[in-house]
Amino acid sequence: WPKTNANVWGEGMKKQAPLVIGVVLLVGALVYWAFAAGKHTVQMGELNALLEQGETRIDLTEVTNFEWKKVDAFGPYSTTQTMEQTLGITIRFGGGEVLESSFELVFADEDKKLTSVTLDRKYGNYSVKDNRYLVVEK
């Protein structure tokens, strides 16, 4: 048998242990984030197809796979602060000002954003009725 160092965790490995642990934690966090992000899905292909067909009232429960407590559409130049104040929530990620060419449809639970999607204004201006229906005004 070849001679080996009985101490598998030699000095080189001891120095790299924090790096290895950090990489493992980062990969774990990314996997968790990927699965958590998939929990709240808006079927954009189906939603865009309905908009292309000229639908003016879309039942959001038919293009989502989750439940929400609040949903609202925010027009051009709306800020994260406006969204938070209107919905009474905190937006941790994915904030910013809505562009002139779009609306932001934001879904939330009691206190935080679940997900949001960007809607193109080429179909019209958007509002939400009865916390369920996306209304398109041409």
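## A buried loop residue

Ile89 counts as buried, because its relative accessibility is 7% (buried means under 20% relative accessible area, exposed over 50%, and partly exposed in between, with a 1.4 Å probe and protein chains only). This is a predicted model, in which local features need pLDDT of at least 70 and side-chain atom pairs count only at pLDDT 80 or more, while totals for chains, interfaces and linings use all residues. Residues are numbered from 1 along each chain as its sequence is written, and side-chain values use heavy atoms, with hydrogens and water left out.

You will find Ile89 in the loop between α3 and β3 (helices are DSSP runs of H or I with at least four residues, strands are runs of E with at least two, and both are numbered from the N terminus). Its contacts beyond four places in sequence include Met83, Ala108 and Lys112 (contact means heavy atoms within 4.5 Å). Ile89 and Lys112 are 23 residues apart along the chain, yet their C-alpha atoms are separated by 4.8 Å.

Leaving aside neighbours within four places in sequence, Glu100 is in contact with Pro76, Tyr77 and Arg121.

The side chains of Glu100 and Tyr77 make a polar contact at 2.9 Å (a pair of N or O atoms within 3.5 Å; within protein, one must be able to donate a hydrogen and the other to accept it, and residues adjacent in sequence count only if both atoms are side-chain atoms). From C-alpha to C-alpha, Glu100 and Tyr77 are 6.4 Å apart.

## Aromatic rings

Phe66, Trp68 and Phe107 form one aromatic cluster (rings of Phe, Tyr and Trp, the last by its six-membered ring, pair if their centres lie within 6.5 Å; planes under 30 degrees apart count as stacked, over 60 as edge-to-face and the rest as tilted). The structure holds four aromatic pairs. In one of them, the ring centres of Phe66 and Trp68 are 5.7 Å apart and the planes meet at 65 degrees, so this pair is edge-to-face.

Trp68 and Phe107 are edge-to-face too, at 4.9 Å centre to centre and 70 degrees between the planes. Trp68 lies in the loop between β1 (57-59) and β2 (70-74) and Phe107 in strand β3, so their pair ties together parts that are 39 residues apart in sequence.
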